[in-house]
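Here is a friendly walk through one model, with the sequence and the fold side by side.

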Amino acid sequence: MVSSGFSFELHRAEPSAQVRARDRVYWWTGDVAGLGTVELAYPAREVVPVADQGLYVGTAVRGDSIPPSTFRGLGYTVQPRLARGLLTVAGQTASLSRSAWSTDKRARGLRISALGREYTYVEEQSKRHHALERAGAKVVVSRSSWKNPKTISGTTAGATDSVDLSLAILLEGVYTRNLSLRGAMISAPGRIFSRVGS
């Protein structure tokens, strides 16, 4: 278990000049609450079978003392979307559900069942702020900007542990704009176009 009520910050790392545009990977790294270095990266090509890489995109979290987690979904530029999403935490497949038709932000939240835990992941005051909650624990994460932020910051409450942190950080590498009704309406043309294009 990790102590409650702490903050953390991941900083974007830049790839070397030799990396070609089509191979560009975005990643963030930082030390988190005595767990050592944690890294978020996308697109994580190792998450998607080679035969599916034209359609799907992956995101991954790794660290010194944090369970690895991955997400694979239909691609939206370099991030996976929630559509046809496959989430794994500590090597175990998690189940996902959400109410795409609700107008209430909380009801539109992503419901996650992972490792015997029930989570809700919601957009908070804006598209740059999210919260992952389960009974007795909460991780609130914010980005310095919506697209490829310089920093991803978080605070915890309750009995937060390394599984909670891995999952909360991972979801910052997934395209979740449609967790709010406004975001869903704004992003609909791009999501439809990307689906038609694939």
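## Salt bridges

Glu46 is exposed, with a relative accessible area of 53%, while Arg62 is partly exposed at 34%. Here buried means under 20% relative accessible area, exposed over 50%, and partly exposed in between, using a 1.4 Å probe and protein chains only. Glu46 and Arg62 form a salt bridge whose closest N and O atoms are 1.9 Å apart. Because Glu46 sits in the loop between strand E3 (37-42) and strand E4 (56-63) and Arg62 in strand E4, the pair ties together parts that are 16 residues apart in sequence. A salt bridge means a side-chain nitrogen of Lys or Arg within 4 Å of a carboxyl oxygen of Asp or Glu, and by this rule the count comes to eight.

Another salt bridge joins Asp164 to Arg117, with closest N and O atoms 3.0 Å apart. The pair links distant parts of the chain, 47 residues apart: Asp164 is in helix H1 (residues 162-171) and Arg117 in strand E10. Asp164 is buried, with a relative accessible area of 1%. Arg117 and Asp164 also belong to a network of salt bridges with Arg134 and Asp161.

## Source and numbering

This is a predicted model, in which local features need pLDDT of at least 70 and side-chain atom pairs count only at pLDDT 80 or more, whereas totals for chains, interfaces and linings use all residues. Residues are numbered from 1 along each chain as its sequence is written, and side-chain values use heavy atoms, with hydrogens and water left out.

Five of the seven residues of strand E10 (residues 117-123) are buried. Helices (H or I, at least four residues) and strands (E, at least two) are DSSP runs, numbered from the N terminus; two strands pair if DSSP finds at least two bridges between them. Strand E9 (residues 110-114) pairs with E10 in the antiparallel sense over five bridges, and Arg111 stands opposite Thr120. Their hairpin has two residues between the strands, and Leu115 takes a positive phi near 55° there.

E10 also pairs with strand E11 (residues 129-134), antiparallel over four bridges, with Val122 opposite Ala131. Five residues lie between E10 and E11 in this hairpin. Glu124, in the loop between E10 and E11, is tied to Lys138 in strand E12 (residues 137-143) by a salt bridge with closest N and O atoms 3.8 Å apart.
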